[in-house]
Structure formats: structure tokens, C-alpha cells
Amino acid sequence: MNGRAPVVALPSRIDFECFPQAFCSGREFVEAWARHAGLDDCQTGMVVLGCDEVFSNLSRHAYAEDGRPHPVTCHAEVADGRLHFRIIHRGAGLTNDDYARLRQSPCCGERVGGLGLHVISEVFDRVDFRREGEEYVVELSLPLGSSSGNCLASPP
């Protein structure tokens with residue numbers, strides 16, 4: 001025995017139903033990947049918050065809380081010095097133009113969207129919304145190892 005804990009491979013994806021009660025499994029998956037990527041507690045919390053905002057928006061808007069189960073898949077990987085998440089769903093989706101219009105800062109006089117999209121834009125420096133066939137994809141990523149001790153991508 002060498003005294004080291006065995007290395008356990010993380011699953012690269014998780015599937016869950018888009019109900020607030022089921023988000024816990026998605027948040028745990030995201031947290032495990034953020035820690036695996038070497039993020040500190042504050043950064044990990046922000047990444048979990050950003051992904052949770054996507055899950056919440058899917059439940060509230062993409063599926064309009066119709067009471068039926070709807071699948072969501074979240075993929076994760078560390079590649080090219082970045083932590084990447086790919087969230088796939090079949091609800092109503094946003095485009096990049098919608099995202100740009102809706103993610104205004106809370107300090108703006110005229111708010112169009114909610115605070116969630118602004119949080120997502122503060123946590124992840126690359127955000128992409130698109131349709132692929134019958135599915136919508138939300139891709140989120142952030143660089144690793146370039147933190148200046150700040151928890152947010154760009155402080156308010």
C-alpha cells in the first residue's frame with residue numbers, strides 16, 4: 001500500500017430530469033468536475049451557481065413547468081486549459097442573440113432578462129447557445145489556472 005487514495009475516473013456525462021428536485025445530481029456532477037479541474041472553493045461555488053442557473057432557466061422557461069419529466073444531459077471535460085460543460089435539452093431554447101439581449105448587468109436601467117443570464121456571463125467567459133437538430137445546446141467554459149484570486153470572471 002502506498003497510502004494514496006485510488007484515482008476514480010469521473011463520468012463525463014450525467015442525465016437527469018429537468019425538475020428542481022432533480023437538480024442536486026446535476027450540481028454534484030458540476031462540483032465534482034470543478035474540483036477535478038483544480039478550482040478553489042469560491043470558483044467551484046461560482047461554477048456550480050452558473051450551471052444551476054442554466055438548469056433553473058430550463059425548468060422555468062424552456063419547459064415552462066408543464067409538470068412532465070424532461071431530460072437534460074450535461075457533459076463535462078477539461079481540455080485545452082479550460083473547463084467545458086455542454087448542456088443538452090429538448091425544450092424551447094435561446095440563440096446567442098437572445099442571450100446577448102437578455103444578459104444585461106443588474107446595474108442597467110432597463111432590465112430585459114433575469115439575473116440568471118448575467119450570473120452565467122460573469123462565471124463563464126465563453127457561452128454558446130445553439131440548436132442541433134431537435135436539441136438545444138448550451139456550451140459553457142472558463143480558463144483554468146488564470147485566476148487572480150477573484151471569484152468572478154469580471155467583478156461587478
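The expected span of a helix is 1.5 Å times one less than its number of residues. Helices (H or I, at least four residues) and strands (E, at least two) are DSSP runs, numbered from the N terminus. Helix α1 has 14 residues and reaches 20 Å from its first C-alpha to its last, close to the 20 Å expected at 1.5 Å a residue. The model is predicted: local features need pLDDT of at least 70, side-chain atom pairs count only at pLDDT 80 or more, and totals for chains, interfaces and linings use all residues. Residues are numbered from 1 along each chain as its sequence is written, and side-chain values use heavy atoms, with hydrogens and water left out.

Burial was assigned from relative accessible area: buried is under 20%, exposed is over 50%, and partly exposed lies in between (1.4 Å probe, protein chains only). In α1, the residues Phe23, Gly26, Phe29, Val30, Trp33 and Ala34 are buried. They cover an arc of only 130° around the axis, which puts them on the same side of α1. The arc is that of the directions from the helix axis to the C-beta atoms. Just after α1, Gly38 adopts a positive phi of about 90°.

The strands come next. Strands of a sheet pair through backbone hydrogen bonds, either parallel or antiparallel. Two strands count as paired if DSSP finds at least two bridges between them. Here five strands form an open sheet in the order β1-β2-β3-β5-β4, with antiparallel pairing. β1 and β4 stand at the edges, each with a single partner strand, so one side of each is left without a neighbour in the sheet. From one strand to the next, the twist averages 15°. Axes are lines fitted to C-alpha atoms, for helices over the stretch in contact, and angles run from 0 to 180 degrees between N-to-C directions. Strand β2 (residues 71–79) is joined to β3 by eight bridges, and the two run antiparallel. Ala79 stands opposite Arg82 in β3. Helix α1 (residues 23–36) lies across β1, β2 and β3 and runs at about 5° to β2.

Strand β5 (residues 135–143) contains Glu135. At 28% relative accessibility, Glu135 is partly exposed. Contact means heavy atoms within 4.5 Å. Not counting residues up to four places away in sequence, Glu135 touches Ile88, His89, Arg90 and Arg130. Glu135 and Ile88 are 47 residues apart in sequence, yet 6.6 Å apart in space, C-alpha to C-alpha.

Aromatic rings were also examined. A pair of aromatic rings is described by the distance of the centres and the angle of the planes. Rings of Phe, Tyr and Trp (its six-membered ring) pair if their centres lie within 6.5 Å; planes under 30 degrees apart count as stacked, over 60 as edge-to-face and the rest as tilted. By this rule there are three aromatic pairs. The rings of Phe16 and Phe55 have centres 5.1 Å apart and planes at 80°, so this pair is edge-to-face. It links distant parts of the chain: Phe16 is in strand β1 (residues 13–17) and Phe55 in helix α2 (residues 41–62), 39 residues apart. Phe16 is buried, with a relative accessible area of 6%. Phe55 is also buried, at 1%.

Phe85 and Phe124 form an edge-to-face pair, 6.4 Å centre to centre with 80° between the planes. This pair too links distant parts of the chain, 39 residues apart: Phe85 lies in strand β3 (residues 82–89), Phe124 in the loop between α4 (115–123) and β4 (126–132). Phe85 is buried at 1% relative accessibility, and Phe124 is buried with a relative accessible area of 1%. Ring pairs also link Phe16, Phe23 and Phe55 into a cluster.
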